[in-house]
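User: Hi! I am new to reading protein models and would like to learn feature by feature. Could you walk me through this one?

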Amino acid sequence: MTQKTAHANPNKNRTPRHRAREFALQGLYQWLLNNEDAGAIDAHIREAHGFNKADAEHFDVLLHGTIKQAGALREGLSPLIDRPIDQLSPVEHAALLIGAYELTNHIEIPYKVVINEAVELTKSFGGIDGHKYVNGVLDKFATTARTVEVEDAKKRGQH
């Protein structure tokens, strides 16, 4: 990711939590491509322009938690994707990992918010239709990770 793409939607009103997700995506991108140490990535990202506007605590949880649980998250995502996970673009891969991590570990965040955030990250940093793919995969993932919440939304006609 180039410096130019660091803020793909400069006019968009981004919350501190959304910014944390953007920086976590960038960190996971580095990790996926270079297999760098999470601590080194964390230190590098924290020095980036605009990090002071991000929710640093959520960034920390996302980056380190997603890396620690990457194996289990990939295992949960694999049956839902149409190709080996290592053939996904790094942006889609990172967005799916972040979404799966939040769906699994942060039940206080509504599942639709988690999916929407992952879709927005993919729109900002990924390829043309990558966001549709991420949306579909995380929607399926949510049905097992958040069964009760998804079923309630369906009953209310909100799915």
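User: Where is N35 placed?

Analyst: N35 sits in the loop between α1 and α2 (38-46). Helices here are DSSP runs of H or I with at least four residues, strands are runs of E with at least two, and both are numbered from the N terminus. Keep in mind that this is a predicted model, where local features need pLDDT of at least 70 and side-chain atom pairs count only at pLDDT 80 or more, while totals for chains, interfaces and linings use all residues. Residues are numbered from 1 along each chain as its sequence is written, and side-chain values use heavy atoms, with hydrogens and water left out.

User: Thanks! Is N35 buried or exposed?

Analyst: The general idea is a set of cut-offs: buried means under 20% relative accessible area, exposed means over 50%, and partly exposed is in between (1.4 Å probe, protein chains only). N35 has a relative accessible area of 59%, so N35 is exposed. Its phi is also worth a look: the angle is near 50 degrees, a positive value in a residue other than glycine.

User: How do I read the length of a helix, and what is the case for α3?

Analyst: You compare the span with an expected one, which is 1.5 Å times one less than the number of residues. Helix α3 (residues 56-68) has 13 residues and reaches 18 Å from its first C-alpha to its last, close to the 18 Å expected at 1.5 Å a residue.

User: Which residues of α3 are buried, and what do they pack against?

Analyst: The buried ones are H58, F59, L62, L63, G65, T66 and I67. They pack against α1, α2, α4 (70-77) and α5. Take T66, which belongs to α3: T66 has a relative accessible area of 0%, so T66 is buried.

User: What does T66 touch?

Analyst: Contact means heavy atoms within 4.5 Å. Setting aside neighbours within four places in sequence, T66 is in contact with L28, V61, L73, L97, I98 and Y101. Sequence distance and spatial distance are separate things, too: T66 and E102 are 36 residues apart in sequence, yet their C-alpha atoms are 8.7 Å apart in space.

User: How are α3 and α5 arranged?

Analyst: Axes are lines fitted to C-alpha atoms, for helices over the stretch in contact, and angles run from 0 to 180 degrees between N-to-C directions. Angles under 35 degrees count as roughly parallel, over 145 as roughly antiparallel, 65 to 115 as roughly perpendicular and the rest as oblique. The axes of α3 and α5 come within 10 Å and cross at roughly 105 degrees, and α3 and α5 are therefore roughly perpendicular to each other. H58, V61, L62, G65 and T66 of α3 meet L97, I98, Y101 and E102 of α5.

User: How do the residues of that contact divide by class?

Analyst: Ala, Val, Leu, Ile, Met, Phe, Trp, Tyr, Cys and Pro count as nonpolar, Asp, Glu, Lys and Arg as charged, and the others, Gly among them, as polar. The contact of α3 with α5 has five nonpolar, three polar and one charged.

User: Which residues does H93 contact?

Analyst: H93 lies in helix α5 and counts as buried at 7% relative accessibility. Neighbours within four places in sequence aside, H93 contacts L32, R74, I85 and L88.

User: At what angle do α6 and α7 cross?

Analyst: The axes of helix α6 (residues 111-125) and helix α7 (residues 130-145) come within 8 Å and cross at roughly 160 degrees. That makes α6 roughly antiparallel to α7. By class, their contact has seven nonpolar, four polar and two charged residues.

User: How enclosed is α6?

Analyst: Of the 15 residues of α6, 11 are buried, so α6 is largely enclosed by the rest of the structure. The buried residues of α6 pack against α1 (16-34), α5 (90-105), α7 and α8 (147-155).

User: What about K140, how far is K140 from I81?

Analyst: K140 belongs to helix α7 and is partly exposed, with a relative accessible area of 46%. K140 and I81 are 59 residues apart in sequence and 9.8 Å apart in space, C-alpha to C-alpha.
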